[in-house]
Amino acid sequence: MRLTILGSGTNLHPTRAAAGYLVRTDHTLLLDFGPRTLSNLLKTGVNRHQITHVLFSHFHADHFSDFITYFFDAMIYTKYQGGQRAPLTVVGPRGTARLFRILFASLPGFSEPPFTVRFKEVSDRPFWIGATRICPRTVTHSPGLHCVGYRLEYKGKALAYSGDSEYCPNLVQLCGDADVAILDCSYPANRPGPVHLHAGQCGQVASEAGVGQLILSHFYPMAERFDVKSQAAVLYGGVIRKGKDLLEIRL
Ligand SMILES: [Zn+2]
Ligand SMILES: [Zn+2]
């Protein structure tokens, strides 16, 4: 399994794209698709038309907005440029199908794609994409918003991705014994805030879950001003890396 971080920041972070991760197993998958991650996807050299699944944690725009540009490009490519692309499955929490049906019906050029598009709503039941086992799990983020984290298992390795989350038991379970966990490190431990983890809690989750390696990501600019790695290391003794756009990790 190969993970490439497409975006390690948030909405309007000055130097990082917002949330997005490319995962290559027997399929080419995306976890979230936030602003500026599409440009980074092009830099990886991956054929964007071979992406078969986009898995959304939730639909805050910092996890979602580049999908619009991506899909419009796919429509032009297949409708007017003679291109063909793989069927596309959009996976996300409750409300995903409704959201996309409204979008596709409302945005000019989005209706009647000449390739198959499917929607799959998930909560906590595992499913397979080819030989990759996907375990979504509901995590606690904004009140009233259904947000899921994802665990991907392939060839004996496990990658966990928190999406956006506060500290919650489901998040620890999602990350249980994962080889690599990418966690929402929005805040430094000394400047905690609502609905996201801070660096110290990232270390706590990694420690309680017994993960092999912790990747801190989803930084707000405030998190850049403090040593978040050391803050995470207070409770977690394993390998900690600070996420960086286009960082590639092999599992
Ligand atoms: Zn969010
Ligand atoms: Zn976010």
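Biologist: Which residue of β12 is the bridge partner of Asp184?

Modeller: Strands are DSSP runs of E with at least two residues, helices are runs of H or I with at least four, and both are numbered from the N terminus. Two strands pair if DSSP finds at least two bridges between them. In this predicted model, which numbers residues from 1 along each chain as written and letters chains from A and numbers ligands from 1 in written order, the bridge partner of Asp184 in β12 is Ser217. Local features need pLDDT of at least 70 and side-chain atom pairs 80 or more, while totals for chains, interfaces and linings use all residues, and side-chain values use heavy atoms, without hydrogens and water.

Biologist: How many bridges join β11 to β12?

Modeller: There are 5 bridges between β11 and β12 (residues 213-217), and the two strands run parallel. On β10 (residues 157-161), β11 has another parallel partner, with 3 bridges between them. Within that pairing, Ala160 stands opposite Ala181 of β11.

Biologist: What does the chain cross through from β10 to β11?

Modeller: A crossover is right-handed if, with the strands pointing away from the viewer, the path from the first strand over the helix to the second runs clockwise. Between β10 and β11 the chain passes through helix α4 (residues 169-175), and this β-α-β crossover is right-handed. The unit made of β11, helix α5 (residues 199-209) and β12 is right-handed as well.

Biologist: Are the residues of β11 buried or exposed?

Modeller: Relative accessible area decides: buried is under 20%, exposed over 50%, and partly exposed in between (1.4 Å probe, protein chains only). In β11 (residues 180-184), 5 of 5 residues are buried. Val180, Ile182 and Asp184 point one way from the strand, Ala181 and Leu183 the other way, and all of them are buried.

Biologist: Which residues coordinate the zinc ion (ligand 2)?

Modeller: Ligand 2 is coordinated by Asp62 (OD), His63 (NE2), Asp164 (OD) and His218 (NE2), at 2.1 to 2.2 Å. These donors follow the spacing D-H-x100-D-x53-H. Here the distant parts are linked by Asp164, in the loop between β10 and α4, and His218, in the loop between β12 and α6 (228-233), 54 residues apart. Asp164 and His218 are both buried. Asp164 also coordinates the zinc ion (ligand 1), and the two zinc ions are 3.6 Å apart.

Biologist: Why is the arrangement around the zinc ion (ligand 2) irregular?

Modeller: Four donors are tetrahedral if all angles lie between 85 and 135 degrees; four are square planar and six octahedral if opposite donors are over 155 degrees apart and all others between 65 and 115; anything else is irregular. The 4 donor atoms around ligand 2 subtend angles of 87 to 159°, so the arrangement is irregular.

Biologist: How many salt bridges does the structure hold?

Modeller: A salt bridge is a side-chain nitrogen of Lys or Arg within 4 Å of a carboxyl oxygen of Asp or Glu. The structure holds 8. In one of them, the side chains of Arg2 and Glu248 meet at 3.1 Å, N to O. Arg2 is in strand β1 (residues 2-7) and Glu248 in strand β14 (residues 248-250), 246 residues apart. Arg2 is partly exposed at 27%, and Glu248 is partly exposed at 33%.

Biologist: Which residue forms a salt bridge with Arg48?

Modeller: Asp73 does, with the closest N and O atoms 2.8 Å apart. Asp73 lies in helix α2 and Arg48 in the loop between α1 (37-43) and β4, 25 residues apart. At 25%, Asp73 is partly exposed, and Arg48, at 25%, is partly exposed.

Biologist: Which residue forms a salt bridge with Lys242?

Modeller: Glu224, where the closest N and O atoms are 3.1 Å apart. Lys242 lies in strand β13 (residues 239-242) and Glu224 in the loop between β12 and α6, so this pair ties together parts that are 18 residues apart in sequence. Elsewhere, salt bridges that share partners join Arg2, Arg24, Glu248 and Arg250 into one network.

How values were computed. Donors are N, O and S atoms within 2.8 Å of the metal (3.2 Å for Na, K and Ca); water is not among the atoms, so sites may look incomplete.
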